[in-house]
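Reader: Hello! Could you walk me through this model, one chain at a time?

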Amino acid sequence: MYTLPSKLKLFAIIFMVVGAIGIVSGFLTAPSTTAEVKEMMASHGDGHGSDQSTAEESHSTNENHNAEGNLGDEHAQVANEHGENAHDSEEAHLEHTLHQMQNRPWSALYIACLFFLFIALGTLAFYGIQYAAQAGWSPVLFRVMEGITAYLPVASVILFVLLLLSAFHVNHIFHWMDPELVDPNSPHYDKLIAGKSGWLNVPFFLIRAAIFLAGWNLYRYFSRRNSIKQDAADDNSWFKKNFKMSAGFLVFFIVTESMMSWDWIMSFDPHWFSTLFGWYVFAGMMVSAITVIAMVSIILKKQGYLEFVNDSHIHDLAKYMFGFSIFWTYLWFSQFMLIWYANIPEEVTYFVTRIEDYKLPFFGMLVTNFVFPVLLLMNSDYKRVNWFVILTGVVILAGQYINLFVMVMPGTVGTSWFIGLPEIGSILFFFGLFVFVVFTALTKAPLLAKRNPFMKESKHYHY
Amino acid sequence: MASKTIHAIYNDDDLLMQAVKQVRAEHYHIEEVYTPFPVHGLDKVMGLAPTRIAITSFMYGLVGLTVAVLMMNFIMIEDWPQNIGGKPSFSYIENMPAFVPIMFELTVFFAAHLMVITFYMRSKLWPFKKAENPDVRTTDDHFLMAIDAGSHDVKKLTKFLYDTGAMEISLIENEEDH
């Protein structure tokens, strides 16, 4: 049995507290009126804010509002109506920036929440695959994976609350939720969003989210329960139940995962669509999940809790990290290159905003998510060096956070982005929560599942 | 100078593995082992050095990538930078996404083919090559270990090999050393 070290508990709590302070101060420093925005922009005129304000400057004068995707349209129309009036367009621009700045702490919270939810969900999918494929190497890691997926119910509740807050207009990160956009009599009427309102409407959105989360959590609950029952059983019936359930879950998962990616990520840019988006999100989710499995396994092994986990198991996980990093890059490139090549205006705006406003994170994540893992984990010997796996894992996780950041932020805060207090605070908070929940869950059951039919093979696994 | 080799034939791969371990423990020199299929772990017990073919493959891949980049940079950007469907041919980086499929394929092509050719050269395999098989049964179901008799006592060595489970033991006199 694993006992939670009190130091780790304290460590997690400190992270949560510091993170919470960051989140709260992010909300407190967000401007509430256009006057405050004006003041902030003036005070940030020199120093590090200078390039941000020049970006705003060009923004107010350019006609590229539809490239903005979300918030732009509303104001583009406002600006067009009062096109000649300089004061009005100035005011419209300030209001535009105000919305972006108000969205920023919410988006930061949302991204961090989703990021850690994806780790738990990806681990659950990986766990399901291991069961359905009857893998012989991984059963010694099942309890580690079950520990990580214990975060899923917690994350689901938090995420659903965030979605509810958006649905009740506490925040405006989901632009399409604005009822004026689908009202033909409103000056803000958006024909494109109205055309999609059969899918993108708040009640259906919430029902879908509830179904996705409930389905995943049910599988997580029953597979964990069966896995523990199998420990005390005298036949393999619980294992067989888990095997069948995993196969069913994987079908459910790939369908819901795809729709989830449209709902929770792609709908930040409701004018834009991409067919391989679900796979792209899936690849990012899997690579972070496998990285976390490897890191938690290495940490537990270092503390002497995983007697039967050897370098070959770590080697296998590192191969998965390597493979899924390349898979992620393949999908990233396939999505980018097809749109870049055809250069159809309504599709390409997605990448135009990202390359113009998010150049460093957008291309930087290719280095952290592709170049780094490929070069570091290509060598077979390096995959067995634990600190190498940890080092690469940290870089991959940072890269996958940026990946999510670049998917969400341009649609919610546009050019007003920065990785500052609200973003780092949110990461720290959810990291602390994740560590706390996962390592507490690890203490609830023995770290070695006992009667798994593949356990003996897994214990002697050698590559 | 004629040299002597002892051929010991086994009919089971587990027995062979055991025998290889014992022979090495007695410090006899194993010249070669012939098997009909890959025996997992045989290279380890024989103490063979790990292959470096993966490293060569990596370097060939880098060569392929370089070839692709230089080729397309010259053709598409330097030599005749045409406007083809509005693609930006002003610099390599601007038009790079269009070149990535070729860069990828040439990297794989060079890495794979040159590695295979390296493998053929290093293991001396080519068409019309004379087969070096000492006993036809080793391609079907027998395992043959060739041990350098050298200055050892042949009788003692034969007895020792017999005890390791060898099915057939024969002394081969090579006409010339190679």
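Author: Gladly, and one term comes first: helices (H or I, at least four residues) and strands (E, at least two) are DSSP runs, numbered from the N terminus. This is a predicted model, in which local features need pLDDT of at least 70, side-chain atom pairs count only at pLDDT 80 or more, and totals for chains, interfaces and linings use all residues. Residues are numbered from 1 along each chain as its sequence is written, chains are lettered from A and ligands numbered from 1 in the order in which they are written, and side-chain values use heavy atoms, with hydrogens and water left out.

Reader: How many helices and strands are there in chain A?

Author: Chain A is built with zero strands. Its helices number 17.

Reader: Why is chain A as compact as a globular protein of its length?

Author: The radius of gyration is taken over C-alpha atoms, and the globule rule is 2.2 Å times the number of residues to the power 0.38. For the 463 residues of chain A the rule gives 23 Å, and the chain is close to that, so it is as compact as a globular protein of that length, with a radius of gyration of 23 Å.

Reader: What share of chain A is buried?

Author: Buried means under 20% relative accessible area, with exposed over 50% and partly exposed in between (1.4 Å probe, protein chains only). Out of 463 residues in chain A, the buried share is 55%.

Reader: And what is the radius of gyration of chain B?

Author: Along its principal axes, the C-alpha atoms of chain B fill a box of roughly 80 × 35 × 30 Å. A compact globule of 178 residues would come out near 16 Å, but the radius of gyration of chain B is 26 Å.

Reader: What share of chain B counts as buried?

Author: The count runs over the 178 residues of chain B. The buried share is 30%.

Reader: Which pattern does chain B follow along the sequence?

Author: Chain B has five helices and four strands. Read along the sequence, they give β-α-β-α-α-α-β-α-β.

Reader: Where in chain B does UniProt place the feature "transmembrane region"?

Author: UniProt positions are given in the numbering used here, feature names are shortened, and annotations may be inferred rather than shown by experiment. In the model, residues 53-76 of chain B are 100% helix, with end C-alpha atoms 34 Å apart. Residues 96-120 of chain B are also 100% helix, with end C-alpha atoms 35 Å apart. The unreviewed UniProt entry places the feature in chain B at residues 53-76 and 96-120.
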